Amino acid sequence: MNGTVSSPAGERLHIGFFGKMNSGKSSLINAFVHQQVSIVSDTPGTTTDAVHKAMEIHGIGAVTLLDTAGIDDSGELGKQRVQASIKAAEECDIAIVLFSGQEDDYSLESQWCERLLAEGTSVIGVISKADLVSSQQLAKKCSFVSSLGIPCVTVSSLTKNGISSLREALVRAAGDLNAPRSITGSLVQAGDVVMLVMPQDPQAPKGRLIQPEAQTIRSLLEKHCIIVSCALEELDSSIASLKNPPALIITDSQAYRYVYDHLPAGTRLTSFSVLFAAYKGDISYYVESAKAIDDLPADGHVLIAEICSHVPMQEDIGRIQIPRLIRKRRGEGIRVDICSGADFPQDLSSYDLIIQCGGCMFNRAHILSRIARAKQAGVPMTNYGIAIAYMNGILDHVVYPLDTDPVIR
């Protein structure tokens, strides 16, 4: 042990393997990583829920590999497995779709490629079990896969032929996806004093910082900012201790109003949740969607989507504070549903508004897939920090990185 901490799951590039039962997904993953990660069996349906494997790939960096159930699984249990594969696809930045060399009908694989491409996922086609078919057949099959508008690689997990070509295709596909993005965007520059207000409530993990705080600190250090951290109770004394007011204060969203009322002249204000709304999601859409709070009918239906699965504490921000703010503004008849972790309703049509947390535990592709589904259903979607700022009447005074902010090269 050298004391280093692995990259959070939400910061890793997610690469999923999809294909029919026994198309060779698990064997390919094992051959690719040179270790037994997934169970290999001739029995169809061995893989059920997606298997996640965190690793490092030279030329790409930190990734999570997902081994999924067969897309042709049948029966009641099979349908649930296919649904699990569909959910896994939502979190993938890159999808590897296997076209078994022993198959002739690729209509189902083609449909999956179309689905993935429509969601903005980079797709690589792999002709698996290439050692079992002739070179002439491989050329014909690869020509078909290429006609779908995706790169094609032929691979044999048994002989390891094509593994290096697959690795190269992944490095190419990762290209722009792996361009570093900055949590604070253009809000700060080297030498700026940035104050972090971090209430130490019962939900704060003992002995460590929550991920948004830790990742924001790392981002500010990379920008060579000067960081001053304090609990809410020490806000005034911390400001008074500085020669000049901080350029930016980043606070926990639940302390927005207090911090805003104590904000020094010339200091800008944002929150960790707002920063992650821009870092992981679609900040312009979130801001526009927040206005839907005032359009909620008396019996409006709101979905609160937490990504962290945790035991609710007193004054929980998602389960208590936000519903209380909404009902205070729109009436006690507002209905609120709560979902957590990966449990996000397939049918969103009954909701008038979705409010999601910052999303630090999910990768950006997963958050964007939820936003795309909300847009498709015609349901406005915002996030905790934006919604709280709006309902406190200070959203116009909160700063956030723009979608057009350049990435840090």
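Me: Which backbone atom lies 3.0 Å from a polar atom of the side chain of Ser273?
Reply: The backbone nitrogen of Gly385 lies at that distance of 3.0 Å. Please note that this is a predicted model, in which local features need pLDDT of at least 70 and side-chain atom pairs count only at pLDDT 80 or more, while totals for chains, interfaces and linings use all residues. Residues are numbered from 1 along each chain as its sequence is written, and side-chain values use heavy atoms, with hydrogens and water left out.

Me: Is Ser273 buried or exposed?
Reply: Ser273 is buried, with a relative accessible area of 12%. Buried means under 20% relative accessible area, exposed over 50% and partly exposed in between, with a 1.4 Å probe and protein chains only.

Me: What does Ser273 touch?
Reply: Not counting residues up to four places away in sequence, Ser273 touches Ser253, Gly358, Asn383, Tyr384 and Gly385. Contact means heavy atoms within 4.5 Å.

Me: Where does Ser273 lie?
Reply: Ser273 lies in helix 9. Helices (H or I, at least four residues) and strands (E, at least two) are DSSP runs, numbered from the N terminus.

Me: Now the sheet, please. What is the order of its four strands?
Reply: The order is 8-7-9-10 in an open sheet with parallel pairing. Two strands pair if DSSP finds at least two bridges between them.

Me: Why is one side of strand 8 and of strand 10 left without a neighbour in the sheet?
Reply: Strand 8 (226-230) and strand 10 (268-271) stand at the edges and each has a single partner strand, so one side of each has no neighbour there.

Me: How many bridges join strand 7 and strand 9?
Reply: Strand 7 (residues 193-197) pairs with strand 9 (residues 248-251) over four bridges, in the parallel sense. The bridge partner of Val197 in strand 9 is Thr251.

Me: Which strands does helix 9 touch?
Reply: Helix 9 (residues 272-280) packs on the sheet and touches strand 7, strand 9 and strand 10. The direction of helix 9 makes about 75 degrees with that of strand 10. Axes are lines fitted to C-alpha atoms, for helices over the stretch in contact, and angles run from 0 to 180 degrees between N-to-C directions.

Me: Changing topic, which residues of helix 6 are buried?
Reply: Pro212, Glu213, Gln215, Thr216, Ile217, Ser219 and Leu220 are buried in helix 6. Their cover includes strand 7, strand 8, strand 9 and helix 9.

Me: What follows helix 6?
Reply: Helix 6 is followed by His224, whose phi is positive, near 60 degrees.

Notes:
Polar contact = N/O pair within 3.5 Å; in protein donor to acceptor, adjacent residues only side chain to side chain.
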